[in-house]
Structures are given as structure tokens and as C-alpha cells.
Amino acid sequence: MSFGPPPSVFTQSALSADSARKKRRRTTAIAAVALVVVAALGVGGGLLYAEHDNSPAHAGPQAAAQAPDEVRETVEKLPRTPQGAMVADTSEDHLEKNVDDPRYAPGTWATDKIFAKGVAKKITGYKLDSYGGEEAWTIKLDGHLCATTGHVTADGRTAVVVQPSKPEGSKTAGVCDEVLFLDLDTGKKLWRAKMPEATTAYVTNTNLTMTRGTVAVAWGRGSVAYGMADGKQLWKSTNVSRCEDAGFAGGRGLLALVRCGAAPNAKYQVEKLDPRTGKTKWTYKVGAGITTVYLPSSDPPVLAVGAGDSTVTDLITLDGTGKHLATVSLHGDRYDPMCGSRYSSSLLFGVVEACDGMVVGRTEVFVASKDEWKPDQEENWITGFDLATGKALRKFDGRAGALVHPLRMSGDQLLIYRGSRDGISPAAVLSVDPGTGKETPFLLFNVPESDPGDDDLDNPEESDIIVEHGRVFFAKRQLYADDKHPKYPVRVALGIGSGT
């Protein structure tokens, strides 16, 4: 895979993710081979859970019906029982030549019918109506996956950027200049487009996102947007001078992270764009001294910034017109929004929206704390902050040896993953009411320890963790051969659904 020139200071800034912290997380992660159904529903604290009805897993109103080309915002329904059963188990083989180097696996998606995973030069979809996940389709790409997005349309479509193989005999690295739009349910390629003048688009600086009806890509020295319906170019910006688009944040709206000047003296501003024309609706200028900026949410607009450091130190919330609402201090080493810490070795496949340790709701932002060491275990918690005032509202505690991690919003409820270390208490996906702190079990499951290398499967710094249509999926972002058994298949992903 061609990576192009070294990443910019903006990209390198996130490489400072604490390697020791990652090592500690690995000691508490689930090592997995096969899922076993939880025999008892008690999960500690004296709580017992009866069989669920099929009501929504939230107390507020149902999400409004979405148009097919809107970025989906699914509201989960509680399974009839939280007892977990395997619905997908995928692996890759022939990694024997990659004992020391990873095979990259960017992109994890799910619909009500399909679990899809990107690995190297292919995307594979798996059926979810049979044990283990039978292969439904495979898309062979023109080259390596270069950028992906977690956004999916309401009717199950998404986009990727591909780095086509460089011409035979070429001495220059291939560039990331092919956009592919696909249907996750069928595996059909809907359209392909070649990015204009993308001679400097590499895996280290290409960022892809989606908003209603629009697919947008930025690579520092240029940007381009396409219509979802037909792949026709809507607008582009390739004649950049002092200021350039570092990346976009999509979802309900479209924000551009604009970088002006060269590092280490670069200045940043955030622009809200009209997705169909690229015209700027408002601009927010980030203060001096900020060296790192991420965009974890476009609507409501939230910035994660590093002030004079390479790590995120504060969150900045804006109103709908781009005016400053509040600043949330992350108190140095107390919180870990995991912005840009998706890979242990380098920042790849799009990082502008990647803050895996935080979730932004309509009125609150939820941030995971860093792990705290206890005599025998480590603990952490999640804090909800008010977007309007920046004040802490409620704390959601993990348990000794059972770290908690925010996943996403489901209507007005927060979905949380709580791991398990002791092999007795099950791991869990929980639906939490931010207003009351009430936890409702969504899925409970045990995965016994077995193969080396599986211990990163539920580590949010190493794997995607997604909940969709009553199931939770754990999928690695990079694959390593087992040193002792280099020819053995390596697990890529597990999916857990309700046992009935």
C-alpha cells in the first residue's frame, strides 16, 4: 500500500496517543474465539432482568422518518431478550508474510440484513440470518481502501475512497483519487468517480464524509463533492493557496475544517457549507495557539481542540449560526475523547471526524475518562456535559475491571459498551437515559479467552464497535499474523445479536 509523503503536523499530532494506555487497555480487552449465551441474566449489583418486550430502547419520541439519501439515525429497539448469540464471525488468512506488518482493514458497516467489512483491496458483505455470517457478496476494488466513513444513508448506501494500483513501472506512489458509492445490502457498485487534480491525496491526508444527498472528500490541497444519486460532481476546490480544506464533518450538516498557513504556525477556522453548492454559510475562527482540531459533530457543531499540545484539551460548542456557546475543559489527563487515536502506528483512512471516546447528542456531549488504576483493577467513567453551558451534568460509572465506552445516540438515549475481564460477568451493551442515569441492558454476552491477538477486539482504540438493528459488532482496523502460528486465520470481526 502506498502511503505517499509523511503526514502533516496536523496528522502527526494525533500520533501521540499514549502507547502505555493502549497496553493497559489490552489487558482488559476480551480475548475471543466463540460467543457463548449468557446462562444467567444477573450482571452484578443485585440486578435481574426479565424478558424484554419489543419497545423502543428510549423514553422519548421515535425518530422522524428519513428520506433515503439522508444519513441514517436509527433508534434501536430492545431485543426480546438481552441474551447474546453470535450472528457473524469473520477471519482472514494468508497473513504469514505480514507477521510484523499489518493488513489494514478500514471500514465497518451494518444494516438490518448485512454486516460489511473492508479489508485491504476488498469489501465483503455477510448475511445475518445464519450462524456465523455467511458471505453474501464481495466487491474487489481497483486498489487499497484509502478513506472510509461510518456514515450510511437511510436506505443502506455508503462511500469509500480507493487508491488504485500505480501503473506498472511507475516510480511515484499511487494516489487516492477514486470514489466508490455502493449499496451495502446488495454489494452493488452504484457509481465511481475520479477526483480532480488529486495528485497529493494519500492515505494519510484524505478525509471522506457524507451528508444528505452529498458525498464530500478533502485532501488538504483540494476538495470535491458528488451527488449521491448519480455521482455527478457538484463542486470542487482545487486551486488552493494559503488556506486549504483539511477535512469535512458530515451527518446532519457539512462542516469544513480549513487550515491556513504552514505548521507549526497554522491557523484554523470551521466553515458551515451548503452541501449542494459548497458555498459558506458561516465561519468560526479558532483561537490562536490551537495546534490540533477535530470535528466530531456537524450538527450540533462541536470542535475538539488541542491548545498548545498535540492532544485534545478542550471541546468547543457552537450554536446554529457558528457563534461560540461554551468551552468544555477536559482537565488535562482526566478525559480521553480518543480523537485521532484509531491506529497504534499512524493516522490513516480519515481522522477529522474520528473521536471514538465521545458521543455528541442534541443537547449533551458524552466523554469517556481515562482509565484509573486501582489495586487490582482499572476503572473509568463517562461524563455528560451540557452543550449550551459546558457544565458537567451526570457521571456514568464503569465497574472494577469493566471499562465503559460511549458508542452512539439512539434517539435520546446513550448506548454504552461495558467490557468484562473476569469471564463470569458478561460484557454488555447498555441503553442509558442521560436524564436519570437509568441503565437498561440491550445485549449481554460472554466471549471466552482463547487465541492470542483477539485481545484487541473490543478495544475502541484498535477496533470499530458499532450497534445497528439490535446487534453489536466488533471489527479490527488492522490485522497481524500470530507470531507463533503465522499461517493460522486471524479473526477480523464478531457480531452478537439476541439469542431469540
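**Sheet and cores in a predicted model**

Colleague: What makes β3-β4-β5-β6 an open sheet?

Modeller: Four strands lie in that order, with antiparallel pairing. The edge strands, β3 (108-110) and β6 (135-140), each pair on one side only. From one strand to the next, the twist averages 15°, taken between axes fitted to C-alpha atoms, as N-to-C angles from 0 to 180 degrees. This is a predicted model: local features need pLDDT of at least 70, side-chain atom pairs 80 or more, while totals for chains, interfaces and linings use all residues. Numbering runs from 1 along each chain as its sequence is written, and side-chain values use heavy atoms, without hydrogens and water.

Colleague: How do you know that β5 and β6 pair?

Modeller: Pairing takes at least two DSSP bridges between two strands. Strand β5 (residues 122-127) and β6 share five bridges, in the antiparallel sense, so they count as paired. I123 stands opposite I139 in β6.

Colleague: Why is the 25-residue set called a nonpolar core?

Modeller: The term covers buried Ala, Val, Leu, Ile, Met, Phe, Trp, Tyr and Cys residues joined through side-chain atoms within 4.5 Å. Buried means under 20% relative accessible area with a 1.4 Å probe, protein chains only. V161, V179, M195, V215 and V217 touch the most other members of this largest core. Elements giving two or more residues include β8 (157-164) and β12 (214-218).

Colleague: What does V215 touch?

Modeller: Its contacts (heavy atoms within 4.5 Å) include V179, F181, W191 and Y226, not counting residues up to four places away in sequence. Another core, of 18 residues, lies apart, with V328 and F385 among them.

Conventions
Buried means under 20% relative accessible area, exposed over 50%, partly exposed in between (1.4 Å probe, protein chains only).
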